[in-house]
Amino acid sequence: MSDPQSLKNIGLKATFPRLKILELFEKGGMRHMTAEDVYRMLIAENMDIGLATVYRVLTQFEQAGLLERHFFESGKAVFEINRGKHHDHLVCVDCGRVEEFYDPEIERRQNLVAEERGFKIQDHALYLYAQCTKEACPHRNPPAAHDD
């Protein structure tokens, strides 16, 4: 998708900032990024770009259906590439790490609950906020040292 013709096909000029931002989502190590995350990554690559431009491009990509926007507990918009497959999210309340999952039983139950109440689901987003229970979680912040 991060080629000039793909962007032209959805009505966007293939500018270097757009191509670079799309490449970060397609090839980068982070799946969910805020505009600030994207901005920091571009600055780290010595790219001369403003935060306002990053916000503008992310919004354009969302409107074109390339990215999805989520609002997890932090209140900040988080973007992820739209791969066309539905999934839900587990969000760690301690470190903010997001883990994606898909559970057919949850999907079936949601549809059943809606149907029982006279609804037909058009779209939905499920965010589960939880604390990680893994003993050696690599994402957990170490406990703060106390002065005695």
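## Around helix α4

Start with what sits over the buried residues of α4: the cover includes α1 (4-9), α2 (16-27), α3 (35-44), β1 (67-71) and β2 (77-81). Keep in mind that this is a predicted model.

Which residues of α4 are buried? They are Val54, Val57, Leu58, Gln60 and Phe61. These residues cover an arc of only 160° around the axis, which puts them on the same side of α4. On the face turned away from that buried side, you'll find the exposed residues Ala52 and Gln63.

α4 runs over residues 51-63, which is 13 residues, and at 1.5 Å a residue they should span 18 Å. The C-alpha atoms at its ends are 18 Å apart, so the expectation and the model agree. After α4 comes Gly65, with a positive phi near 85°.

## Now α3

| Helix | Buried residues | Exposed residues on the face turned away |
|---|---|---|
| α4 | Val54, Val57, Leu58, Gln60, Phe61 | Ala52, Gln63 |

## How α2 meets α3

At what angle do α2 and α3 pack? It is about 110°, and their axes are 11 Å apart. Since angles of 65 to 115 degrees count as roughly perpendicular, that makes α2 roughly perpendicular to α3. Where they meet, α2 brings Lys20, Ile21, Leu24 and Phe25, while α3 brings Val38, Met41 and Leu42.

Leaving out residues up to four places away in sequence, Leu42 touches Lys20, Ile21, Leu24, Met47, Ile49 and Val54.

## The core

Here's a general idea to hold on to: in soluble globular proteins, nonpolar side chains tend to be buried together. In this model, the largest nonpolar core has 22 residues. The ones with the most contacts inside it are Ile21, Phe25, Val38, Leu42, Val54, Leu58 and Phe61. At least two residues of this core come from each of α2, α3, α4 and β2. Which helix gives the most? That's α2, with 5 residues.

## Two loop residues

Finally, have a look at two residues in the loops. Is Thr34 buried or exposed? Thr34 lies in the loop between α2 and α3, and it counts as buried because its relative accessible area is 11%, with under 20% as the cut-off. Not counting residues up to four places away in sequence, Thr34 touches Lys76, Ala77 and Val78.

Asn46 belongs to the loop between α3 and α4. Asn46 is exposed, because its relative accessible area is 73% and the cut-off for exposed is over 50%. Its phi is near 60°, a positive value in a residue other than glycine.

Key: Residues numbered from 1 in each chain as written. Predicted model: local features only at pLDDT ≥ 70, side-chain atom pairs only at ≥ 80, totals over all residues. Heavy atoms only, no water. Helix = DSSP H or I, 4+ residues; strand = E, 2+ residues; numbered from the N terminus. Expected span 1.5 Å × (residues − 1). Buried < 20%, exposed > 50% of the residue type's maximum accessible area, 1.4 Å probe, protein only. Arc of directions from axis to C-beta. Contact = heavy atoms within 4.5 Å. Core = buried A, V, L, I, M, F, W, Y, C linked by side-chain atoms within 4.5 Å. Axes fitted to C-alpha atoms, helices over the stretch in contact; angles between N-to-C directions. Parallel < 35°, antiparallel > 145°, perpendicular 65-115°, else oblique.
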